[in-house]
Amino acid sequence: EGDLQSLMDEAREIQVRLSQLAKKKETSCHVAFTRLMLLGQVGKAVKLIDSNSDIKGVHELTRHVKSVLADKHPDGKAAPTQLKMEITTPEPQPVIFEEIDGQMVYRVAKNVHGSGGPTLLDADGWKHI
């Protein structure tokens, strides 16, 4: 009781341990993010970053946010003429379309993998059709 020096020493020791723990947690997060990215699990890596962020959800659109976005996304420019290539593709021969029948569409639809793009149907949706 009344030993202020030992109380201050204990407080300093606690502060040192807390700062070391915070550094370990930050390093652990970096290692986990790197591991997920190397494994190709980009979605999980992004979720890991989002879960550690103080900002949740969509930002409120303020003047500052709008100016930052404008700085990151400047107005587009026309491509220089020397970079443009003239490409002409031949018209497909009508004989190609003669092979397309219901069975061919069925076989191809059964072997489709991936997401649907503009149709908003994924591969499983096409298989059920």
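The legends below describe close-up views of a predicted model. Residues are numbered from 1 along each chain as its sequence is written, and side-chain values use heavy atoms, without hydrogens or water. Local features need pLDDT of at least 70 and side-chain atom pairs count only at pLDDT 80 or more, while totals for chains, interfaces and linings use all residues.

**View 1. Confidence along the chain.** The mean pLDDT (the predictor's confidence in each residue, from 0 to 100) is 79 for the chain, with 81% of its residues at 70 or more. Helix α3 (residues 63-72) has the highest confidence, at a mean of 89, and helix α6 (residues 123-128) the lowest, at 70. Helices are DSSP runs of H or I with at least four residues, numbered from the N terminus.

**View 2. The salt bridge between R12 and D9.** The count is one salt bridge, defined as a side-chain nitrogen of Lys or Arg within 4 Å of a carboxyl oxygen of Asp or Glu. R12 and D9 form it at 3.3 Å, N to O. The two residues lie three apart in helix α1 (residues 4-38), so about one helical turn separates them. R12 is partly exposed at 46% relative accessibility, and D9 is partly exposed at 39%; the term covers values between buried (under 20%) and exposed (over 50%), with a 1.4 Å probe and protein chains only.

**View 3. A nonpolar surface patch.** V95, I96, F97, I100 and V105 make a patch of about 480 Å². Such a patch joins nonpolar side chains (Val, Leu, Ile, Met, Phe, Trp, Tyr) within 5 Å, from residues with over 30% relative accessible area and no salt bridge. Helix α4 (residues 95-98) contributes the most, with three residues; F97 is found in this helix.

How values were computed:
Patch = residues over 30% accessible without salt bridge, like charges linked within 9 Å, V, L, I, M, F, W, Y side chains within 5 Å. Areas by Shrake-Rupley, 256 points an atom, 1.4 Å probe, with all protein chains shown as cover.
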